[in-house]
Amino acid sequence: MLTLIENFPITTGLTLIIMLLLTAILYEQITFIYKRSSLPGPPLVIPFFGSIFQMVGNPYNFWHKQMSYGALSWNSIVGQFVVMVTDGHLARQIFEQCSEKMPLMLNPNAHRLLGKDNIAFINGPVHKKLRSTLLPLFTTKALTIYLNIQEKAIREHIKYWLELSRNTDPNTGFEMRQLIYDLNLNTSLSVFLGSYIDDCSRKQFKYDYQRITQAMYAFPFFLPGTKLWQGCKARRSILNNLKSIVNASKTRIQDQKEEPTCLLDFWMLSLLNQDEENKHKTDEDIAKVTLDFIFASQDASTSSLTFSVHELSQNPNVLEKLRTEQNLLRGNNKSGLITPDLLTNMKYTWQVMREILRLRPPATIVPHMTNVSYKINSEYTIPAGTIVVPSIWSSNRHGFSNPDLFDPERFNSERNEHSLFEKQFLTFGCGPHACIGQRYAQNHIMLFLSILSDYQFERQNTSNKDEIIYLPTIYPADGLCTIKFDYDRSTLTGYGTDDVGDYTLKGVYSTRNLKMGIVKTYTLGTGPNRRQNLGHDVNIQLEWNENQGDFQGKWANYFRIPHVQSFPKVTMSASINKVQSQRGGGGGGGGSSGGGGVDHLPSKNGQAVGFRPRLTGLVTEARELSRNGGGAYFIGSGGGGGSCGQTCGIVLGSIFGTIAMALISVFSCVCIRKYWRGRPFYSPSQWVNKTKPFKRALQEHPDIFQSGSWSGEYFQDGHYHQLPVCTIKFDYDRSTLTGYGTDDVGDYTLKGVYSTRNLKMGIVKTYTLGTGPNRRQNLGHDVNIQLEWNENQGDFQGKWYVRTSEYQGENIYKLRCLVPLPPDYDTLSFSNIRD
C-alpha cells in the first residue's frame with residue numbers, strides 16, 4: 001500500500017481533486033437551476049459561497065437589490081438555496097404557515113444563547129399553550145400599569161438628554177442610538193421586573209445583556225474565552241437573577257395577595273387560575289420567557305424610536321401637526337400623566353406612529369426554513385430545505401399610495417389606507433408567531449412621540465443621513481441619528497389689568513426665531529363687568545415684524561368653565577393682536593360692523609412688566625379655530641351693537657333656518673337609512689373587538705367555540721326560518737373560523753373571526769354561484785353575520801345583513817353548536833374560502 005501511494009503521481013492526485021471540485025460545482029449549479037425554475041435572480045453565484053460576501057459587506061444594498069427582482073426571486077448564501085418573497089399577500093401567507101413544517105430561522109447563535117425552548121423556536125400545541133398563558137400579561141389593565149412606568153422612564157431619560165445637551169458642542173450634538181438603547185433597556189426592566197430589581201442587579205443585568213448581544217453576532221465558535229462562550233455564561237447569570245426575582249414576585253402575589261405592579265406580577269396572578277399541568281410554571285421557565293421578552297423588545301424599539309427622531313426632524317410639517325394635537329389634548333399641563341383615554345384620543349399621533357412602523361420596520365426580513373416542499377402559488381413550488389425570506393419592507397409598501405413617502409395622513413379616516421391594506425402591514429408579523437406585545441410597543445412609541453414633541457430638537461444635516469444600515473435592525477447611517485436639543489428658548493410671565501379684569505401671562509419665547517407664544521388667563525371675579533370675566537384663557541401667537549418694530553400675530557379666545565379642568569375648550573373668536581411696549585385698549589364687536597379687540601401687555605418705562613425668562617423645554621402652541629364671521633364675539637373687551645332691523649332679520653332667519661334644517665334632517669335620515677340598509681356598520685374584525693370584555697371568564701363557557709355541526713334560525717319576511725345544519729371549524733391559533741353548508745339558496749362557505757375575550761363572532765357567508773334550487777336568488781353574494789353570546793339562552797344571537805342588486809335587508813340571526821367534531825378532524829382548507 002505504501003509503495004502504491006509513493007508511486008502515485010502528484011499530478012494525478014491534483015487532477016482528481018480538481019475533477020471532484022468541478023463535479024461538485026457543476027452539481028450545485030445544476031441543482032440551483034432546477035430549484036429556481038423560472039424565478040428571476042442573479043445570473044451566476046459564486047460556487048459554495050453564493051452571495052455571502054455581498055450580504056455581509058452591505059446588507060441593505062444586498063437585500064434591496066434582491067427585492068428589485070420581483071414578487072419571487074432566488075439567490076444562494078453559503079450553498080443554501082434562498083427564495084425571497086416581496087409580494088404582500090404571499091409574504092403574509094408565509095407567516096401564516098409558520099409551523100414545524102416551516103419554522104422561523106434566526107441567527108446561528110440564537111439557539112445556544114436563547115435556548116431551543118425559546119418562544120420563537122417552538123411550534124404546535126406547546127407554542128399555543130404558552131401564548132395562551134401570556135395573554136393575561138397584556139390586558140387593558142396590565143397595559144395601563146405599564147403605561148405609567150413607560151412614561152416615567154421616558155421623561156427621566158429625556159431630562160438627562162437635556163442636561164447632556166447643555167454640555168455638548170452645539171455644532172456636533174450627540175448620537176441618539178445608544179441613548180435610546182439605554183432608555184428601552186431601563187424601561188423593559190422597570191415594566192417587566194418592577195421594584196424587584198435593585199440598582200446593583202440592574203447594572204449587572206445591563207453588563208450581562210450586552211455580552212449576550214455581542215455574542216449573538218459573533219462567529220459561531222463555542223470555545224472558552226470566545227464571545228459566544230461569554231454570552232452563554234452571561235445568560236446563565238441573568239437567568240439566576242431572574243429566578244430569584246420570579247420567586248419574590250410569586251411570594252408577593254400568591255401568598256401576600258398584593259396588587260400587581262409589573263409584568264411578572266400579572267403573570268403570577270394569572271397562574272393562580274391555571275391548571276397544574278401548565279408547563280411554564282417553574283421559576284426557570286418563567287425566567288427564560290422573561291428574558292425572551294426583554295430581548296425581543298430591545299433592538300426593535302430602539303430602531304423605531306431612533307427613526308421617530310429622524311422622521312420628525314426631516315418632516316417639520318408633521319412635527320408641527322403633532323405638537324398642535326398635543327397642545328389641544330394636553331394643554332398647558334405637559335407634565336401631567338398621559339392616560340390610556342388620552343392616548344386613545346391622539347389620532348394624529350397614532351397615524352405618525354403607524355407610518356414610522358410601516359415605512360421603517362425594525363426587522364425588514366424574517367427568514368423561515370421549509371422542511372417540506374410548499375406550493376406558494378400556481379406557478380411555483382418552494383423545494384424542501386429552502387430558506388424562505390418574506391420581506392416586511394416590501395410588504396409594508398404593497399398597495400400603499402406613494403409608498404416610499406413619509407405620509408401619516410394616509411392613515412386618516414378619509415384615505416383609510418390602514419384598513420384597505422391591513423393585510424400587507426406586517427411589521428408585527430401575523431399568524432401563530434405574531435408579536436404578542438404589539439399593543440405595548442405601539443403605546444411606547446406614542447408616549448415617546450408625545451413627550452418628545454414638547455421639546456425643540458434639530459438633526460444634523462449630513463450627506464448620508466437618508467442611508468440605512470443593519471445592526472441588525474435598521475438605523476440611519478450617519479452616526480445613528482445625531483441630534484442636538486435647542487436651548488435657545490426661554491419662558492415669560494407677566495400680569496396686568498384691562499376692562500375685562502385682572503390677568504396673568506405665561507408663555508415662551510425664542511431669541512432665535514423671534515417668536516412668542518403667550519397664554520393670557522383672567523382672574524375670576526375681577527373687572528367692572530364680571531359677566532364677561534369667566535376666568536378664561538386667551539392664546540396669543542406672535543412673531544417679530546422688523547418693518548414696524550413690534551410683534552404681530554393672532555389671538556384665539558377660549559371659553560373655559562372655572563374649576564372644571566377637563567371641560568372641552570371652545571374657540572369663540574380670532575383676530576389680530578399686537579404687543580408693543582405701551583398700554584393698549586380693548587375693543588369688541590357685534591352686528592355688521594363688529595370686529596375683534598386689541599389687547600396690549602402692560603408696560604412700565606418702555607419695558608413689558610413681569611417678564612422673567614428661564615430655561616425650559618416646553619413649547620405652548622395656540623390654535624385659531626374661527627375668524628371672519630361677520631361680527632366676532634369676543635369675551636373680553638366690550639363693544640357696540642347693530643340695529644333693530646338686523647335683530648328682526650336674525651329672528652326670522654332663525655325660524656326659517658330651523659324649519660329648513662328639520663326638513664334636511666328628515667331627508668338625510670331617509671337617505672342614510674336607505675344607504676345603510678343591508679350594510680353592517682362594522683367589519684367582522686371591528687365587530688368582535690368592539691366592546692369591553694365580558695365580566696365572566698371564558699372558563700365558565702367551555703363549549704361556546706366548538707368546531708362541529710351548527711344550526712339555528714333567522715327572521716325574514718315576518719317569521720322565523722330554520723337554518724339547515726352547517727359545519728364550522730375554529731382555528732384557535734389565529735382566532736378565525738371557516739365552514740360550509742347548503743340552504744334553500746344554494747351551497748355556501750363561511751369565513752370569519754371570533755373573540756374569546758368578547759365572546760363574539762363576525763362571519764361572511766358566501767354563496768357559490770350556480771348552485772341551489774332557485775338560481776335567480778343565488779347571485780354569488782355575501783351575507784354578513786354579526787353575533788354575540790347570549791348567556792341566558794346559551795346561543796349566539798345578532799343580525800344578518802344582505803345587500804344585492806335584487807334585495808337589501810337585515811334582521812335577527814341565531815346560531816348554536818349541535819354536535820362537536822372529533823379532535824382529529826382536519827382543518828378546513830383556506831384555499832376554498834373566497835377572500
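Strand β4 and strand β7 (residues 387–390) pair in the antiparallel sense over two bridges; two strands are said to pair if DSSP finds at least two bridges between them. Strands here are DSSP runs of E with at least two residues, helices are runs of H or I with at least four residues, and both are numbered from the N terminus. Within this pairing, valine 388 of β7 is the bridge partner of histidine 368. The model is a predicted one, in which local features need pLDDT of at least 70 and side-chain atom pairs count only at pLDDT 80 or more, whereas totals for chains, interfaces and linings use all residues. Residues are numbered from 1 along each chain as its sequence is written, and side-chain values use heavy atoms, with hydrogens and water left out.

The β4–β7 pair belongs to an open sheet of four strands, in the order β1-β2-β7-β4, with mixed pairing. Because β1 (72–77) and β4 (368–369) stand at the edges and each has a single partner strand, one side of each is left without a neighbour in the sheet. Helix α5 (residues 88–96) packs on this sheet and touches β1, β2 (80–85), β4 and β7. Contact means heavy atoms within 4.5 Å. The direction of α5 makes about 125° with that of β7; axes are lines fitted to C-alpha atoms, for helices over the stretch in contact, and angles between N-to-C directions run from 0 to 180 degrees.

Buried means under 20% relative accessible area, exposed means over 50%, and partly exposed covers the range in between, with a 1.4 Å probe and protein chains only. Both faces of β1 are covered: Leu72, Trp74 and Ser76 are buried on one side, and Ser73, Asn75 and Ile77 on the other.

A search of the whole structure finds 31 aromatic pairs. Rings of Phe, Tyr and Trp (its six-membered ring) pair if their centres lie within 6.5 Å; planes under 30 degrees apart count as stacked, over 60 as edge-to-face and the rest as tilted. Phenylalanine 400 and phenylalanine 411 form an edge-to-face pair, at 6.3 Å centre to centre and 75° between the planes. Both residues lie in the loop between α17 (392–395) and α18, so the pair ties together parts that are 11 residues apart in sequence. Phenylalanine 400 is buried, with a relative accessible area of 5%, and phenylalanine 411 also counts as buried, at 3% relative accessibility.

Phenylalanine 400 has a further ring partner in phenylalanine 421: the centres are 5.1 Å apart and the planes stand at 55°, so this pair is tilted. Phenylalanine 421 lies in the loop between α18 and α19, so its pairing with phenylalanine 400 ties together parts that are 21 residues apart in sequence. Phenylalanine 421 is buried, as is phenylalanine 400. Elsewhere, ring pairs link Phe138, Tyr146, Phe192, Phe266, Phe293 and Tyr440 into a cluster.

The loop between α17 and α18 also holds asparagine 416. Its phi is near 55°, a positive value in a residue other than glycine. Asparagine 416 is partly exposed, with a relative accessible area of 26%. Leucine 759, in the loop between β23 (747–755) and β24 (760–767), has a positive phi of about 55° although it is not a glycine. Leucine 759 is buried, with a relative accessible area of 2%.

An unreviewed UniProt entry places the feature "binding site" at Cys435; UniProt positions are given in the numbering used here, feature names are shortened, and annotations may be inferred rather than shown by experiment. Cysteine 435 is found in the loop between α18 (417–420) and α19 (438–452) and is partly exposed, with a relative accessible area of 32%. Cysteine 200 counts as exposed, at 61% relative accessibility. The count of disulfides, defined as pairs of cysteine sulfur atoms within 2.5 Å, comes to zero.

Overall, the protein has 21 helices and 27 strands, and 47% of its 835 residues count as buried.
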